[in-house]
Amino acid sequence: EAEVAQSPRYKITEKSQAVAFWCDPISGHATLYWYRQILGQGPELLVQFQDESVVDDSQLPKDRFSAERLKGVDSTLKIQPAELGDSAMYLCASSLTANYGYTFGSGTRLTVV
Amino acid sequence: AQSVSQHNHHVILSEAASLELGCNYSYGGTVNLFWYVQYPGQHLQLLLKYFSGDPLVKGIKGFEAEFIKSKFSFNLRKPSVQWSDTAEYFCAVSGNTPLVFGKGTRLSVIA
């Protein structure tokens with residue numbers, strides 16, 4: 001079964017440092033999403049891509065977060081500088097078309113110390 | 001804006017008990033509805049989804065959900081839970097926007 005690949009699986013970083021997460025969606029999936037899941041809560045959308053274009057980044061804290069999907073395939077989410085409140089699970093998901101069933105990756109667990 | 005409410009934060013059941021997890025959403029248009037499960041240490045997995053047609057949807061592992069449009073509800077059910085069903089369950093809805101998730105319900109099944 002095809003999977004969404006994410007790396008690293010775990011990341012510990014110090015406050016004010018930069019951190020980056022990588023996601024490789026299922027081949028052929030045009031739509032890619034980054035979600036953040038704080039412990040004990042449901043995932044919340046950060047950004048949605050359709051191919052290489054950002055469709056929705058209204059919930060992305062743009063002063064410190066950035067996301068790109070340069071060739072419309074894999075994607076990188078960056079935080080600079082990291083803050084204590086950024087500690088969470090960062091999930092990537094992809095789908096064939098927007099708002100169809102999503103496939104989620106295993107996530108990157110970020111701890112900011 | 002769409003929102004999803006899951007009324008039960010933590011449910012504890014004995015094995016073989018029946019399960020019903022509540023989910024209500026707010027959105028006036030056509031919706032797609034989903035239930036995802038997250039087992040300890042694992043990623044989110046799709047249990048079932050509703051797009052249209054028969055409002056009673058059957059998913060994997062014996063789960064089912066019923067879409068009741070008049071109540072804006074999409075409750076998850078299973079007639080007899082097993083210890084292996086211990087997990088976090090998330091209801092989600094998409095209309096004309098990406099998936100919006102509820103806060104989740106933690107299910108603990110005890111022997």
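This is a predicted model: local features need pLDDT of at least 70, side-chain atom pairs count only at pLDDT 80 or more; totals for chains, interfaces and linings use all residues.
User: Which strands are the edge strands of the open sheet of four strands in chain A?

Analyst: Strands here are DSSP runs (E, at least two residues), numbered from the N terminus. The sheet is open, pairs antiparallel and has the order S1-S3-S8-S7 in chain A. Pairing on one side only marks the edge strands, namely S1 (5–7) and S7 (65–68) of chain A.

User: In the hairpin of S5(A) and S6(A), which residue takes a positive phi?

Analyst: S5(A) pairs with strand S6 (residues 53–56) of chain A in the antiparallel sense, over three bridges. Gln50(A) stands opposite Ser53(A) of S6(A). Two residues lie between these strands, and the positive phi, near 55°, belongs to Asp51(A).

User: How many residues apart in sequence are the parts tied together by Arg36(A) and Asp86(A)?

Analyst: A salt bridge needs a side-chain nitrogen of Lys or Arg within 4 Å of a carboxyl oxygen of Asp or Glu; over all chains the count is eight. The side chains of Arg36(A) and Asp86(A) form one of them, at 3.9 Å from N to O. Arg36(A) sits in strand S4 of chain A and Asp86(A) in the loop between S8 and strand S9 (88–95) of chain A, so the parts this pair ties together are separated in sequence by 50 residues.

User: Which element supplies the largest share of the side of chain A that touches chain B?

Analyst: The contact (heavy atoms within 4.5 Å) takes 19 residues from chain A and 20 residues from chain B. No salt bridges are found across this interface: the count is zero. Strands S4 (31–37) and S5 (44–50) of chain A each supply at least two residues of the side of chain A that touches chain B. With three residues, the largest share comes from S4(A).

Definitions and conventions
Residues are numbered from 1 along each chain as its sequence is written. Chains are lettered from A and ligands numbered from 1 in the order in which they are written. Side-chain values use heavy atoms; hydrogens and water are left out. Two strands pair if DSSP finds at least two bridges between them.
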